[in-house]
Amino acid sequence: MTDALTQPLLGLGETFPEVLFVLHHPASGKYGCYLHDGVHGLACFSTQNGAFRFAEWIDLAGMACLEVNFDEARDIAKARPLPVVAVMLLDNLESPLIHFVR
């Protein structure tokens with residue numbers, strides 16, 4: 001049996017950058033989101049280039065890249081309908097940094 005306290009915590013010791021980039025579709029009010037291991041979250045990036053590369057996967061023309069701080073990203077994520085429950089830093093898609101907002 002594994003002791004849960006000895007298992008690494010997701011994102012422990014890691015922090016989000018002060019400046020984040022998110023994708024927004026002004027015409028619909030939608031934001032770029034991502035699903036990782038059953039968790040839906042607002043997709044955030046530390047660079048515009050990362051956000052624009054992610055936008056290539058979204059089948060929605062007219063996506064804009066917005067520069068926000070961490071608190072603004074949290075507010076955007078909180079305002080999204082369920083199942084979005086987190087902010088995700090997706091600089092590494094295989095190992096995102098996840099911050100739960102609800």
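His-25 counts as buried because its relative accessibility is 9%, where buried means under 20% relative accessible area, exposed over 50% and partly exposed in between (1.4 Å probe, protein chains only). The model is a predicted one, in which local features need pLDDT of at least 70 and side-chain atom pairs count only at pLDDT 80 or more, while totals for chains, interfaces and linings use all residues. Residues are numbered from 1 along each chain as its sequence is written, and side-chain values use heavy atoms, with hydrogens and water left out.

His-25 belongs to strand 1 (residues 19-25); strands (E, at least two residues) and helices (H or I, at least four) are DSSP runs, numbered from the N terminus. The side chain of His-25 has a polar contact of 2.7 Å with the side chain of Ser-28. A polar atom of the His-25 side chain also lies 2.8 Å from the backbone oxygen of Ala-61. A polar contact here is a pair of N or O atoms within 3.5 Å; within protein, one must be able to donate a hydrogen and the other to accept it, and residues adjacent in sequence count only if both atoms are side-chain atoms.

Stepping back to the whole chain, two helices and seven strands make up the secondary structure. Read from the N terminus, the order of elements is β-β-β-β-α-β-α-β-β. Of the 102 residues in the chain, 40% are buried.

Two further strands can be visited next. Leu-89, in strand 6, is buried because its relative accessibility is 11%. Leu-66, in strand 5 (residues 64-69), is partly exposed because its relative accessible area is 30%. The C-alpha atoms of Leu-66 and Cys-44 are 9.9 Å apart, with the two residues 22 apart along the chain.

The backbone holds two details worth a look. Most residues other than glycine have a negative phi, and most peptide bonds are trans. Asp-37 is not a glycine, yet its phi is positive, at about 50°. The residue sits in the loop between strand 3 (33-36) and strand 4 (39-44), and Asp-37 counts as exposed because its relative accessibility is 72%. The side chains of Asp-37 and His-36 make a polar contact of 3.4 Å. From C-alpha to C-alpha, Asp-37 is 9.9 Å from Glu-94, a residue 57 positions away in sequence. The second detail is the peptide bond from Leu-82 to Pro-83, which is cis, with omega near 25°. Pro-83 is placed in the loop between helix 2 and strand 6 (84-89).
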